[in-house]
Amino acid sequence: MTLEVDRIYCGDCLDLLRDIEPGTVDMVLTDPPYSSGGMFRGDRMQKPSAKYTSSGIDWLEFEGDNMDQRVYQKWSVKWLKKARAATKQGGKIAIFTDWRQLPTITDAMQLSGWVWLGVAVWDKTEAARPQKGKFRNQAEYVVWGSHGVYEKATDKCLPGVFRQSVFTEDKMHMTGKPIALLEQLLEICKPGGLVLDPFVGSGSTAVACKRTGRHFIGIEKHEPYFLKAQERIDKERAQVRLFDALGGEQSGPDWRPPRSGAGGR
């Protein structure tokens with residue numbers, strides 16, 4: 001089976017990535033489980049909601065977040081190799097991570113054959129994770145690189161620090177990334193390009209692709225989030241059809257639908 005464009009699939013990416021036609025993806029943009037606290041057994045044994053949230057919301061849990069750093073690196077190399085096989089020469093990759101796993105992901109990216117080109121910073125603003133007597137855990141990171149020699153998709157000078165708040169009421173996944181942030185990261189992918197997200201969660205990457213005139217393939221292991229993502233993508237498509245039916249311009253890089261929730265992994 002070859003995975004079709006502009007669809008999401010429910011399953012393990014280690015099984016499904018091999019079904020993408022080799023050399024067709026322009027960019028991998030993804031937010032895999034961080035397995036944060038992997039240095040300590042007590043942290044690894046916690047549920048993701050205990051590690052990543054403090055809002056009191058009853059989030060859906062997810063698996064794969066209790067590996068130590070050695071196993072996390074081996075697992076990361078496996079999916080990164082499969083994602084690279086699906087990506088064109090010159091294609092890009094951008095992976096979210098936190099401070100604990102930043103060295104692990106930069107190693108895994110290179111071990112799997114990608115060219116590591118840098119680390120961008122997501123500044124979550126002063127609202128994020130205050131700690132008395134300590135520096136805030138105010139930032140997360142985007143490790144980025146290319147499959148072989150980097151191929152430019154724009155002549156613009158893009159930022160290396162992205163300042164974007166997280167609004168809990170907009171999130172559809174406990175580790176959700178704002179769609180506005182994802183849209184900015186997509187600027188290194190040409191308009192009309194194909195974006196792969198092996199950990200699509202509640203579908204934010206797919207929504208960001210739809211809003212910026214790019215195509216997507218998404219994979220999500222956990223069925224409840226897969227169903228949530230499918231519902232969300234269907235709603236986004238309906239908004240596009242309605243916009244067009246009312247005489248608006250076709251969707252593309254400059255098109256924005258009515259705001260209906262900015263977050264979700």
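Helix H7 is mostly covered, with seven of its eight residues buried. The buried residues of H7 are Ser-204, Thr-205, Ala-206, Val-207, Ala-208, Cys-209 and Arg-211. After the helix comes Gly-213, which has a positive phi near 75°. The model described here is a predicted one.

The chain as a whole gives the setting for this helix. Its secondary structure comprises eight helices and eight strands. The chain has 265 residues, and 50% of them count as buried. Among the contacts in the chain with a separation of 6 or more, 75% are between residues 24 or more positions apart. The accessible surface of the chain is about 12900 Å², and carbon and sulfur atoms account for 53% of this area.

Rolling a probe the size of a water molecule over the atoms shows where empty space is left. A search of the whole structure finds two cavities of 30 Å³ or more. The second largest cavity has a volume of about 40 Å³. Which residues line the second largest cavity? The lining consists of Ala-206, Val-207, Lys-210, Phe-216, Ile-233, Glu-236 and Arg-237. At least two residues of this lining come from helix H7 (204–211), and at least two come from helix H8 (223–245).

The structure holds five aromatic pairs. Tyr-72 counts as buried because its relative accessibility is 0%. Trp-75 has a relative accessible area of 17% and is therefore buried as well, since the limit for a buried residue is under 20%.

Another aromatic pair is formed by Trp-144 and Tyr-150. This pair is edge-to-face, with 6.0 Å from centre to centre and 75° between the planes. Trp-144 is partly exposed, because its relative accessible area is 26%. Tyr-150 is likewise partly exposed, with a relative accessible area of 29%. Ring pairs also build a cluster, in which Tyr-72, Trp-75, Trp-79 and Phe-199 are linked.

Asp-6 is a residue other than glycine, yet its phi is positive, near 65°. Asp-6 lies in the segment before strand S1 (7–10). With a relative accessibility of 21%, Asp-6 counts as partly exposed. Thr-125, which is not a glycine either, has a positive phi of about 75°. Where is Thr-125 found? Thr-125 is located in the loop between strand S4 (115–123) and strand S5 (139–146). Is Thr-125 buried or exposed? The relative accessible area of Thr-125 is 10%, so this residue is buried.

Note on methods: Residues are numbered from 1 along each chain as its sequence is written. This is a predicted model: local features need pLDDT of at least 70, side-chain atom pairs count only at pLDDT 80 or more; totals for chains, interfaces and linings use all residues. Side-chain values use heavy atoms; hydrogens and water are left out. On a 1 Å grid over the protein atoms alone, a cavity is a set of points where a 1.4 Å probe fits but cannot get out, and a pocket is an open set with protein on both sides within 12 Å along at least five of seven lines; lining residues have an atom within 4 Å of a point. Grid points are joined across faces, edges and corners, and a volume is the space filled by probe spheres set on the points. Helices (H or I, at least four residues) and strands (E, at least two) are DSSP runs, numbered from the N terminus. Buried means under 20% relative accessible area, exposed over 50%, partly exposed in between (1.4 Å probe, protein chains only). Contact means heavy atoms within 4.5 Å. Accessible areas come from the Shrake-Rupley method with a 1.4 Å probe; for residues, only the protein chains shown count as cover. Rings of Phe, Tyr and Trp (its six-membered ring) pair if their centres lie within 6.5 Å; planes under 30 degrees apart count as stacked, over 60 as edge-to-face and the rest as tilted.
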